[in-house]
Amino acid sequence: MKKAEQLEQRLCIHGEMQDGFDQILSAGALAFVEQLVARFAPRLEQLLKQRQLRQAEYDGGALPDFRPDTAWIRDDKQWKIAGIPQDLQDRRVEITGPVDRKMVINGLNSGARVFMCCFEDATAPTWQNMVQGQINLRDANNGTIDYVNPANGKHYRLNDNPAVLICRPRGLHLSERHITFDGQAIPGCLMDFGLYFYHNYRARLAQGSGIYYYLPKLQSMEEAAWWSELFSFTEDRFELPRGSIKATVLIETLPAVFQMDEILYAMREHIVAMNCGRWDYIFSYIKSLRSHGDRILPDRQALTMDKPFLDAYSRLLIRTTHRRGALAMGGMAAYIPAKDPQQMEQVLIMVQEDKEREALNGHDGTWVAHPGLVSTAMEVFDRHLAGRANQLDLLREQDQPIDAAMLLTPCEGQRSEAGVRKNIRIALRYIEAWISGRGCVPIYGLMEDAATAEISRTAIWQWISNRVALDDGREMTPALFRELLDEEYDAVQREVGELHAGQGRFAQAKQILDQITVAEELVEFLTLPGYRYLQ
């Protein structure tokens, strides 16, 4: 294997060129990525600095609120998005998963209407994962993808009528160190967007579809406008009609929930839906309000969507999107099937209750994390949709107006030692998996990804930073955290067994968790320091 040569002396590949990588990292594809980086990376850097300034205001005591300078966008009742392609109008159940080849096939064959293949929270961004993932999606769109499990010889191939494929690129904050432009790591989102578009737009359009993306972790209309400009540039560059590229935006940050109308307006030529990315939203609530001691959330297990501040978020998203002609997607059911029949019965009950709430609120569809739960979610939405493709006609115009106080008031609940211990175990196991190259991991009956792990570790940081008292009266301190960390580290070692513990990277995971949890300043994303350890 060899490293790719420089492209025009500006864009350089530093990762190993394994079998098939030259087809993805072709001269034409890299020239397009180079164009994107040269044109859009400088503005992206400014947008990320604006995030820091916004967070500094929150740290200084300000609270998120609706923007007075964009009230005209919210008040204008006439404008709507450009429209929704036919194959995206019925999205009653979607499944998400990593870019692993077998997982791509299983997701497309799951029976869900949409499979969102994730280069972000569900996939650890190793060079192998990022480039092989592009190969897998190219083959999926061409209908040629298959996989043989070397352990048992089982052959995986696409069924008839697979799910609609949507690609989720990395968030704006993540870089790709294996590709540099003028010596600097390029934005990972531009690599993911550019390579996927370049290698798949012809196949997608030939199928009568479009090029579809899920956009994560946006915080403002300016960031949405950046994406929309990038889409328009790409459509013009390849002489495609406006709107050939369509996006669903995840509303999974606290600042974004106050700018949903504005984000829809900025992307009105390209957006089709918004999604309640509930786990990242809870993480963002903690992160954004980290210095507000009166807004501390309870144990993670208490943070269910029936809590008033989360229910308000769901209902506001539905009302906002439907008024503008866009779909409102529900959040992730992170449960996975259990082997024990009684446990499985409880899993199904919890998933059914969650999806009933979303469908009654007016969501047009929902997410599940495992193929074994597609039929459960489908039954709920089939019943509520009653022959319709979606619930765009449900406008919630008679609802009580949702104001900033409703979105910002935290819920009550326990702040327990047991909750801290569980957060530590989840974070330890997830970080160990992530730095080993796996971004989507079953832990204690849930499919954990970066978003759910972020809740676990930021909650502890916030409790320490704000000197929160546990239910037993003890103050959460670095010393108490480290005492519990040592004990839970030993417990996790016993859980995973001697062989896995010896072959894994738990010592490094413990070191990372300790550093980011007792740090004076909250580390923005655990994946940023984790990237240095990534194999």
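Modeller: Happy to, and let us begin with a term: a residue is buried under 20% relative accessible area, exposed over 50%, and partly exposed in between, using a 1.4 Å probe and protein chains only. Please keep in mind that this is a predicted model, in which local features need pLDDT of at least 70 and side-chain atom pairs count only at pLDDT 80 or more, while totals for chains, interfaces and linings use all residues. Residues are numbered from 1 along each chain as its sequence is written, and side-chain values use heavy atoms, with hydrogens and water left out.

Now to the rings. Rings of Phe, Tyr and Trp (its six-membered ring) pair if their centres lie within 6.5 Å; planes under 30 degrees apart count as stacked, over 60 as edge-to-face and the rest as tilted. The structure holds 25 aromatic pairs. In one of them, Phe-32 and Phe-238 have ring centres 5.0 Å apart and planes at 90 degrees, so this pair is edge-to-face. Helices (H or I, at least four residues) and strands (E, at least two) are DSSP runs, numbered from the N terminus. Phe-32 and Phe-238 are both buried.

Phe-238 has another partner. With ring centres 5.1 Å apart and planes at 55 degrees, Phe-197 and Phe-238 form a pair that counts as tilted. This pair also links distant parts of the chain, as Phe-197 belongs to helix α6 (residues 188-206) and lies 41 residues from Phe-238. Phe-197 is buried, too.

The C-alpha trace spans about 65 × 60 × 50 Å along its principal axes. Buried residues make up 60% of the 535. Counting a contact as heavy atoms within 4.5 Å, 77% of the contacts between residues at least 6 apart in sequence join residues at least 24 apart.

Another buried residue is Met-329, with a relative accessible area of 0%. Met-329 is in strand β14 (residues 327-333). Leaving aside neighbours within four places in sequence, its contacts include Arg-91, Tyr-214, Cys-276 and His-363.

For contrast, here are two loop residues. Most residues other than glycine have a negative phi. Asp-182, though not a glycine, has a positive phi of about 55 degrees. Its place is the loop between β9 (175-181) and β10 (184-187), and at 44% relative accessibility Asp-182 counts as partly exposed. Ala-386, also not a glycine, has a positive phi of about 50 degrees. Ala-386 lies in the loop between α13 (374-385) and α14 (404-408), and its 61% relative accessibility makes it exposed.
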